[in-house]
Amino acid sequence: TPSRRARKRAEVANDIRREFVSLPSATASRNGAGFMPCQGLYYRPRGSKPKAAFIATHYNVDFSEHYPAEYMAQRGYGYLGWNTRFRGYEAFFVLEHALVDIGAGVSWLKQVAGVDTVIIMGNSGGGSLMGAYQSQAADPNITATRGFKLPEAVEHLPSCDYYVSLNAHAGRPEVLTAWMDPAIIDETDPASVEPSLNMYNTDNGPPYAADFVERYRAAQVARNHRITDWCLAELKRLEALGMFDRAFGLYRTWADLRLMDGSLDPSERQPGLCYAGDPRSANYSPRGIGLTNTCRTWLSMWSLRESQCRGAPHLGRITVPSLVLQSLADTGVFPSDAQGIYDALAAEDKTLEFMRGDHYLTEPEDAREEVADRIAGWLENYGL
């Protein structure tokens with residue numbers, strides 16, 4: 001009950017223990033500079049050893065101080081804000097090794113922290129990564145990224161017990177494709193524009209006509225496929241020269257029509273905003289997801305055709321009890337995204353809830369308290 005949660009919170013508020021956790025991985029040892037490949041912070045109420053704990057990870061963003069951690073610790077749970085070897089290193093991401101690193105965190109929770117129940121927290125871009133982890137742990141299915149050998153450790157990952165999706169993108173290729181600007185003419189020239197496909201050309205909208213939306217979305221998919229084709233051809237050329245890979249830049253990735261047109265996928269968001277502020281300015285700036293890639297990283301993370309970071313196939317293997325939460329003022333994840341995650345989950349026991357707040361739950365003032373109460377209330381249904 002809410003009163004029970006309030007009492008629990010009052011007992012541990014302002015008395016949370018944070019423990020630095022630093023581990024090797026089955027496929028990566030300590031770096032020559034001294035740091036371990038896997039690092040994070042474990043939060044728990046001081047003086048207690050929770051039997052239920054969360055783990056949260058992202059493809060690239062440092063989650064060691066992940067914002068839900070203290071709120072869930074105040075409610076009596078453990079929380080491991082975890083980082084793989086690819087934190088801040090997105091340009092070289094390889095899915096199979098990221099999953100092995102997450103497995104190191106799950107094992108630490110069970111073998112060292114003394115946790116009986118592990119709850120996945122799939123937040124923001126990390127939602128599909130954590131979904132891929134549970135999918136692989138429950139039913140090994142991934143294949144090796146081109147040019148790599150699948151590590152044996154990825155076939156033996158410890159499974160988790162519950163799945164929470166919080167303001168999560170459906171999958172890495174899906175979100176990039178929905179955001180990428182199909183009006184770019186030359187991938188090496190971020191200023192090149194095809195006016196008939198330019199969402200920032202006021203002749204096209206907003207609001208955007210249905211036929212423009214259809215052409216635009218098809219052109220976004222086509223752009224993703226063109227980059228994949230180029231990567232495959234480039235790898236073939238490089239291999240003939242005795243080279244393994246190369247880096248390249250990806251421009252203009254703040255161009256989802258929903259950013260400017262609130263009638264598309266309606267919600268409580270404010271049109272004309274994205275996570276980086278003004279969408280048009282962000283779109284033409286050197287800032288955005290997927291800015292730097294190697295050819296193999298593109299294939300592993302972003303390619304609609306090749307990546308195993310797509311959400312739906314992995315969600316279709318998740319059968320543990322699942323909760324999908326979505327903020328209605330989110331400017332980058334939309335109601336249809338949350339509905340798609342909910343529909344794709346194979347779990348028979350699953351719940352979808354919409355709530356107030358922006359993507360990071362900084363507004364309204366009590367949004368983080370509310371989401372923590374919702375998650376704790378849901379877990380209490382299972383005696384946790």
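Analyst: Leu 361 lies in the loop between S10 and H11. This is a predicted model, and every value below is computed from it. The backbone of Leu 361 stands out: phi is near 60°, a positive value in a residue other than glycine. Most residues other than glycine have a negative phi. Leu 361 is also buried, because its relative accessible area of 2% is under the 20% cut-off.

A cis peptide bond joins Glu 363 to Pro 364, with omega about -10°. Most peptide bonds are trans.

What does Ser 327 touch? Leaving out neighbours within four places in sequence, its contacts are Asn 167, Met 355, Arg 356, Gly 357, Asp 358 and Leu 361. Ser 327 itself belongs to strand S9 (residues 322–327). Ser 327 counts as buried because its relative accessibility is 2%. A polar atom of its side chain lies 3.3 Å from the backbone oxygen of Asp 358.

Ser 124 sits in the loop between strand S5 (117–123) and H4. At 10% relative accessibility, Ser 124 counts as buried. A cis peptide bond also joins Gly 205 and Pro 206, with omega about 5°. Pro 206 is in the loop between H5 and H6.

Gln 134 is part of helix H4 (residues 126–138). Its relative accessibility is 3%, so Gln 134 counts as buried. The side chain of Gln 134 reaches the backbone nitrogen of Cys 160 at 2.9 Å. Not counting residues up to four places away in sequence, Gln 134 touches Ile 120, Ser 159, Cys 160, Ile 318 and Val 320.

Now the helices. The axes of helix H5 (residues 172–179) and H8 come within 8 Å and cross at roughly 100°. H5 is therefore roughly perpendicular to H8. Arg 172, Pro 173 and Leu 176 of H5 meet Trp 298, Met 301 and Trp 302 of H8. By class, that contact holds 5 nonpolar residues, no polar ones and 1 charged.

Helix H6 (residues 210–240) packs against helix H8 (residues 295–302) at about 145°, with the axes 9 Å apart. The crossing is left-handed. On the H6 side, the contact uses Asn 224, Ile 227, Thr 228, Trp 230, Cys 231, Leu 232, Glu 234, Leu 235 and Glu 239. H8 contributes Cys 295, Arg 296, Trp 298, Leu 299 and Trp 302. The contact of H6 with H8 divides into 9 nonpolar, 2 polar and 3 charged residues. Glu 234, Glu 239 and Arg 296 are charged, while Asn 224 and Thr 228 are polar.

Technical notes
Residues numbered from 1 in each chain as written. Predicted model: local features only at pLDDT ≥ 70, side-chain atom pairs only at ≥ 80, totals over all residues. Heavy atoms only, no water. Axes fitted to C-alpha atoms, helices over the stretch in contact; angles between N-to-C directions. Helix = DSSP H or I, 4+ residues; strand = E, 2+ residues; numbered from the N terminus. Left-handed = near helix turned anticlockwise from the far one by under 90°. Contact = heavy atoms within 4.5 Å. Parallel < 35°, antiparallel > 145°, perpendicular 65-115°, else oblique. Buried < 20%, exposed > 50% of the residue type's maximum accessible area, 1.4 Å probe, protein only. Polar contact = N/O pair within 3.5 Å; in protein donor to acceptor, adjacent residues only side chain to side chain.
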